[in-house]
Amino acid sequence: KCTGFGILTHKDGRRYARGKRTMAKDESDDALTQMVWGPAYAFYRDSKMLVRRCAKPDKNEFTKIALATGAGFLVMGFIGFFVKLMFIPINNVIVSNL
């Protein structure tokens, strides 16, 4: 019986995570399995499935994405530069009045 997050339950109520880990040995191990290994394994499994399903971009698509990202970095850099350039004299006026 599946209880979500990659944790399975036996007919007698004992839980275990899918994968290399098997049956929980005591209550603390059961809690560890339920709170750490179960969600971690589910995340690993879902991430692996996502990477397998995703298609790699071709050269043209990669070039477009790289150019758009580079242009974004340049625009944000210029905005930051001009904001800093404007605030230097403003800060000097404020500090000189103190």
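Helices here are DSSP runs of H or I with at least four residues, strands are E runs of at least two, and both are numbered from the N terminus. On that basis, the chain reads β-β-α-α along the sequence. That comes to 2 helices and 2 strands.

Ground rules. This is a predicted model, where local features need pLDDT of at least 70, side-chain atom pairs need 80 or more, and totals for chains, interfaces and linings use all residues. Numbering runs from 1 along each chain as its sequence is written, and side-chain values use heavy atoms, without hydrogens and water.

Next, burial. Of the 98 residues, 11% count as buried. Buried means under 20% relative accessible area, exposed over 50%, partly exposed in between, with a 1.4 Å probe and protein chains only.

Now the rings. Phe, Tyr and Trp (its six-membered ring) pair if the centres lie within 6.5 Å; planes under 30 degrees apart are stacked, over 60 edge-to-face, the rest tilted. The count is 3 aromatic pairs. Take Y41 and Y44: centres 6.1 Å apart, planes at 45°, so this pair is tilted. Both sit in helix 1, residues 27-53. They are 3 residues apart, about one turn of the helix. Y41 is partly exposed at 26%, and Y44 is partly exposed at 47%.

Then F81 and F82. This pair is edge-to-face, with 5.4 Å between centres and 70° between planes. F81 is partly exposed at 47%; F82 is too, at 44%. Which cluster do they belong to? F78, F81 and F82 form one aromatic cluster.
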